[in-house]
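Hello,

Here is the structure for your files. My notes follow below it.

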Amino acid sequence: AIFTAVDEFPGVPSSTPTAAKASSPSVSTLPNGLRVVTEDASSTSTVTLTFPNAGSSSESVAEQGAALANKCLAFKSGSGLSSLLILRNLEEDGAAPFATADRYGATVGFTAAPEKAARLVPLLATTCTFEPWDVKGAQTVAGEEAKAANSNVLSVLTEQLYGAAYGAQTATGRPYYSDSASASVIQSFREKAYVLNGAVLSATGVADHGAFVRSVEEGLSESAVGEASAAASAAYLGGESRISAPVGEAHVALAFEGPKSSALLNVVKQCLTLSGASAFAAPGLVGVYAGVPVASASTAADSLSAAVTAIPSNDVVERAKALAKAEAVFALDGGSSSLAGAMTSSVLETGAFGGAAQLAASYDAITPKEVAAAYTAMLKSKPSMAAVGDIAAVPYHATVASRFS
């Protein structure tokens, strides 16, 4: 043809678009202790700043509830900017802000166009001025979140399981959802935990890592640096927690101390799933869950115990490895927010992020012998058991624990 489709119809999308490229990750550590990890293949930029010591496992007894309240203080007045001005800057650049927290840290972030990312980074680390109306609002929102969580049976079961596993009076075992923190406690906890030293900043869709790092270093030059401190660690104890409530069902969770490696932990979880159980994994914990009618409450613990006692065959391990690897790799392709979360988790665990290829290799390297050893170690740990609901017929911990001795 003399003319191409583009010649005849200007503006028509090309029939041979540019091929997608593999993500190229980069990691740098700034002099202030902040670790910056980026990748360059995403079409949108999600930028997150994670503070590993800002979760509830870093709270003292007097600070209970401070982690949740400080999560609710995200993007409030600070560094000479009002809450309104901070949010207006984000909105005018089309950014969608968010904040999360749990037992093991807190994250603030936004998703925006790549060309806007570097300019907005300083808004993630403003020095909060704790205006009375901001603190009061954060306490109110925290109270509403705690009330909602404490009325949700699965949320209550999760809180009780941590108490059973680590001890109800320990930092990790105490509830994350608490609204008891005072204004002074909220401030002192934030000033201690929301610092750059030891934090991780992840950004997707960054074409020039070096330029981005220089921009971050300049933009955060006035943010609180703080002192380096190791993330809070908890000693696994194993125990029981029960809450009786007329909900028409019995909800039971049985957990054990899990492997330190997240890859091996996820493979063990998939092995439990392949045994027919509803399995779960969290940092340091792996286990199974059942929610059953009252009539089946007496046998729920039996089925959970049976699911975890048999060491999986080599065939089951290979299937579990494939499932765990697919889940981890798909998380990298689940949108820029999911990718940023995976990058942060990798840097916090290993100090590096090697992309999909390295992630897949970490699962491929796991052997059936390692899984068998993880199972053996898991079953040697004292089980943790939580039960919530109509649980009169659910066996007690001593009965269940005797099946693993």
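Ser42 counts as buried because its relative accessibility is 19%, where buried means under 20% relative accessible area, exposed over 50% and partly exposed in between (1.4 Å probe, protein chains only). This is a predicted model, in which local features need pLDDT of at least 70 and side-chain atom pairs count only at pLDDT 80 or more, while totals for chains, interfaces and linings use all residues. Residues are numbered from 1 along each chain as its sequence is written, and side-chain values use heavy atoms, with hydrogens and water left out.

Ser42 sits in the loop between strand 2 (35-38) and strand 3 (45-51); strands are DSSP runs of E, at least two residues, numbered from the N terminus. Its side chain makes a polar contact of 2.7 Å with the side chain of Glu39 (N or O atoms within 3.5 Å, one able to donate a hydrogen and the other to accept it; residues adjacent in sequence count only if both atoms are side-chain atoms). Not counting residues up to four places away in sequence, Ser42 touches Thr204, Gly205 and Leu339 (heavy atoms within 4.5 Å).

Strand 1 (residues 26-29) runs antiparallel to strand 2, joined by four bridges; strands pair if DSSP finds at least two bridges between them. Ser28 stands opposite Val36. Five residues lie between the strands of this hairpin, and Gly33 has a positive phi near 95 degrees.

The largest nonpolar core has 51 residues, of which Leu34, Leu49, Leu201 and Val216 touch the most other members. A core here is a set of buried Ala, Val, Leu, Ile, Met, Phe, Trp, Tyr and Cys residues joined through side-chain atoms within 4.5 Å. Apart from it lies another core, of 39 residues, including Val268 and Ala307.

Regards
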